[in-house]
Amino acid sequence: MKTASLLEHLDIGVVEHHENLSFVRVFGDDKAAQRFVTLNEAFESRRFTASETGVVAELDVQNGLDEMVFIAGGMIFEGASQNRAAQYPSIVCANSGVTRIPVRCAEQGQRLIGGSTYGGSRTILIASARTGHVDQGRTWDTIHDTMTSIGRANPTQDYVKAVKEAKLEDYLHSMGTPQARQVGYIAAVMNGGLSFYADVFGNQGLYERLHSMLHESVAAVAKQNNHGNAKPLDRQRFLDFMTTARNADLEPVPMPAGTVGHTYIIKSPLTGSAVVYDGTAVQVSLRKDDYKHDPASAQTSQRSMTMIFPAPPKKP
């Protein structure tokens, strides 16, 4: 199965540009007719919960809403325990039982706190670390590089805190707000090489509700790799990227009971992930990058890979 089936009937706008970032808007008709609640909206309802399992690679969620909850790829669960990012885009069914979803660490030095719950989701992981089957090592590398290049160090190497202090306003302003029929974007970052990131949604409403977090995730890459102004890309380069994307292969990802639809990894000649419901793509994320990390600068700690829980209280 090819990605072309998920990227039909889309139009690309004119090239817009800021420093080392060029981007185009992606337009299309609404295809996903179902009502989805986003993760941050679900948390605000107080009828959706996420709790610690004691394993870095998973969290338990439970949806008490009468509507499905859409978790965008890379969406970060924020709480007292270690912040985590959704490994893949997924949809939690209405009135679900406990569903154990795959996640990755987004806060290196924070211990896991047994029994703790999560109550916020206002950030999406940096674009260079949230599409496709990204391993934990790459995630930590990109978070570390973000902190050392655009954010201030903080005790737990928390990506959320670092990116909120990164002063990305110029990039965010340049990417603007959604226009009529806009269902996504393609961004190209000039970083010595050339990196592409794209997110396309099944309807304009979903993109509108998530665009600020998605743009922030791209802006973080651009600022991290800004070595001076670059010329805007020609629109043809974006068309070529979409042609490449349509020829990519889809590989199903097994997801837990309690989720609905089908989740896919997008493989070769680029990387990505997608979630499809009722035959319609709800989110397609694409990445083709020249991200380079200096292993000598990584400060990955074995300690951060270890599950740490408080000692049980002593019996009287």
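Me: Two strands pair if DSSP finds at least two bridges between them. How many bridges pair S17 and strand S18 (residues 271–277)?

Reply: This is a predicted model, in which local features need pLDDT of at least 70 and side-chain atom pairs pLDDT 80 or more, while totals for chains, interfaces and linings use all residues. Numbering starts from 1 along each chain as its sequence is written, and side-chain values use heavy atoms, without hydrogens or water. Strands (E, at least two residues) and helices (H or I, at least four) are DSSP runs numbered from the N terminus. S17 and S18 are antiparallel, and their bridges number five.

Me: Which residue of S18 stands opposite Thr263?

Reply: Thr263 has a partner in each direction. In the antiparallel pairing of strand S15 (residues 249–253) with S17 (residues 262–267), made by five bridges, Thr263 is the bridge partner of Val253. Across in S18, the residue opposite Thr263 is Val275.

Me: Which residue in the turn of the S17 and S18 hairpin has a positive phi?

Reply: The two strands of this hairpin have three residues between them.

Me: Is Glu19 buried, partly exposed or exposed?

Reply: Glu19 also has a positive phi, near 50°, in a residue other than glycine. Its place is in the loop between strand S2 (16–18) and S3. Buried means under 20% relative accessible area, exposed over 50%, and partly exposed in between (1.4 Å probe, protein chains only). The relative accessible area of Glu19 is 29%, so Glu19 is partly exposed.

Me: In which order do the strands of the closed barrel run?

Reply: Six strands make up the barrel, with antiparallel pairing. Two bridges join strand S5 (residues 48–52) to strand S12 (residues 117–120), with Ala50 opposite Tyr118 in S12. The barrel order is S5-S6-S11-S9-S8-S12.

Me: What separation do the C-alpha atoms of Arg111 and Thr156 have?

Reply: Arg111 is found in the loop between strand S11 (99–105) and S12. With a relative accessible area of 35%, Arg111 is partly exposed. Arg111 and Thr156 are 45 residues apart along the chain, and their C-alpha atoms are separated by 8.9 Å.

Me: How far apart are the end C-alpha atoms of helix H6 (residues 235–246)?

Reply: H6 has 12 residues. The expected span is 1.5 Å times one less than the number of residues, so the span should be 16 Å. The end C-alpha atoms agree with this, being 17 Å apart.

Me: What arc do the buried residues of H6 cover around the axis?

Reply: The buried residues of H6 are Phe238, Phe241, Met242 and Ala245. The arc is that of the directions from the helix axis to the C-beta atoms. These residues lie on the same side of H6, because the arc they cover is only 95°.

Me: Which strands do the buried residues of H6 pack against?

Reply: The residues concerned are Phe238, Phe241, Met242 and Ala245. Contact means heavy atoms within 4.5 Å. The strands that these residues pack against are S1 (11–12), S3 (21–27), S13 (182–190), S14 (194–201) and S19 (280–288).
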